[in-house]
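Please consult the sequence and structure shown below.

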Number of protein chains: 2
Amino acid sequence: MENLIISLIFKDVSFSKEEINLILNKLESVSFKKGETLLKANQTVTNQYYVKNGCLRTYFMDKSGKEHTIQFAIKDWWISDYTAFFSSKKAIMTIECIQDTELYIISRKNMEKLYLEIPKLETFFRKKMEKSFASFQKRIIASLSESAKERYISFIKTYPNIEQLIKNYHIASYLGITTESLSRIRKEITEN
Amino acid sequence: MENLIISLIFKDVSFSKEEINLILNKLESVSFKKGETLLKANQTVTNQYYVKNGCLRTYFMDKSGKEHTIQFAIKDWWISDYTAFFSSKKAIMTIECIQDTELYIISRKNMEKLYLEIPKLETFFRKKMEKSFASFQKRIIASLSESAKERYISFIKTYPNIEQLIKNYHIASYLGITTESLSRIRKEITEN
DNA sequence: CGCGACGTTGATTTGCCTCAACGATTGTGG
DNA sequence: CCACAATCGTTGAGGCAAATCAACGTCGCG
């Protein structure tokens with residue numbers, strides 16, 4: 001049973017019984033209600049989170065008070081303020097639950113321990129990081145070269161499972177446009 | 001001597017004599033002249049590059065033919081089309097030499113071999129990846145929340161060493177604005 | 001039912017783009 | 001070493017995508 005959980009989390013990696021126990025000892029479960037935040041800007045970031053189920057977002061608040069969504073996370077995604085997590089600095093982001101959510105917590109310290117005990121975990125996280133890097137790069141390219149309408153269409157195609165769970169103003173804050181502009185874009189699309 | 005090179009490239013990691021030889025066997029040196037490209041869009045990406053000296057940029061060309069600079073690299077930086085490099089896919093970017101440039105080449109295959117032979121190299125590259133991830137995230141936040149003028153000021157503060165070596169239209173294509181707009185921004189700044 | 005949150009629509013503004021022309025600087029061949 | 005061309009940067013006029021500001025529907029829920 002717990003084997004199953006571990007092989008679900010760490011896909012494409014197989015572990016011995018001892019390794020699984022090592023990992024399980026370092027994972028903590030936790031639940032949050034819709035609307036709650038599991039990390040606030042300025043807090044110290046010591047954890048990253050694996051989403052068992054639910055929906056969350058990390059957002060950044062700029063000096064004028066506007067929120068900018070950096071990442072969504074649903075079942076089987078990982079989430080944190082990674083910039084702060086990696087550098088052991090204070091969070092610049094807030095992580096908010098958009099739905100009731102269940103998570104596994106793993107701390108930076110425990111990660112580093114596990115890397116030494118189970119090197120293939122480091123490979124797993126390196127590859128995960130490589131994928132996140134690629135998706136961030138894709139987003140930079142999109143913001144440099146695509147219109148708001150193109151970015152919206154690409155978003156709903158890429159993340160249909162997320163779109164169902166979130167409000168339009170979440171999408172707008174992810175795309176970097178206002179809710180009014182998003183509304184007009186949606187209208188324009190349905191009119192065709 | 002060659003020890004020095006290796007400890008320069010892989011900062012904060014120390015190696016045995018055998019490890020250094022393993023690494024040196026996998027590194028290849030190469031030079032390019034200003035204006036030459038070391039990777040073109042649609043080519044297969046098998047290498048990443050460590051910059052001994054010189055200046056390069058990776059850029060993406062959109063469907064309308066506009067160039068968008070994703071990354072610059074100077075002495076002691078690494079460069080590649082990492083999205084393609086990690087996934088063993090064709091490049092979507094072009095890497096161009098802005099100055100005469102000397103590089104070390106290391107291939108994906110050799111990297112993976114070295115990861116197995118010298119695990120602390122995997123740690124080194126994981127951490128490098130974490131830093132790149134953080135800087136990409138910073139750029140996404142900037143593009144979502146800052147004006148062109150703010151992004152320009154931030155760029156010249158963050159990368160004064162790069163600014164010296166490149167043309168204004170390189171900066172413009174990095175910031176996601178036109179050369180005309182950049183010119184007006186620069187005028188506005190000097191007028192104060 | 002009534003209130004607050006969410007989404008839509010219209011009018012106006014604005015930041016940046018486009019197009020066009022023209023200086024300034026750099027590079028190159030005679 | 002100059003002359004000229006090419007490249008690069010600046011300036012102006014006009015346009016457009018998206019923001020802002022304001023008002024008004026609509027939906028869900030205590």
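Which helices each supply at least two residues of the surface near DNA strand C? They are helix 8 (168-175) and helix 9 (179-190) of chain A, together with helix 6 (148-158) and helix 9 (179-190) of chain B. The model is predicted: local features need pLDDT of at least 70 and side-chain atom pairs pLDDT 80 or more, while totals for chains, interfaces and linings use all residues. Residues are numbered from 1 along each chain as its sequence is written, with chains lettered from A and ligands numbered from 1 in the order written.

**DNA surface**
- Helix 9 of chain A gives the most to this surface, with six residues; helices are DSSP runs of H or I of at least four residues, and strands are E runs of at least two, numbered from the N terminus.
- Asn168(A), Ser183(A), Ser147(B), Ala148(B) and Ser181(B) come nearest among the 16 residues around DNA strand C (near: C-beta atom, placed from the backbone, within 6 Å).

**Chain contact**
- Chains A and B each contribute 28 residues to the contact (C-beta atoms, placed from the backbone, within 7 Å).
- Helix 5 of chain A provides the largest share of the chain A side, 18 residues.

**Nonpolar core**
- Leu56(A), Met93(A) and Ile95(A) touch the most other members of the largest nonpolar core, which has 24 residues (buried Ala, Val, Leu, Ile, Met, Phe, Trp, Tyr and Cys joined through C-beta atoms within 7 Å; buried: 20 or more other C-beta atoms within 10 Å).
- Helix 3 (82-87) and strand 7 (93-97) of chain A are among the elements that each supply at least two residues of this core.

Terms used. A residue is buried if 20 or more other C-beta atoms lie within 10 Å of its own, exposed if 12 or fewer, and partly exposed in between; C-beta atoms are placed from the backbone. Two residues are in contact if their C-beta atoms, placed from the backbone, lie within 7 Å.
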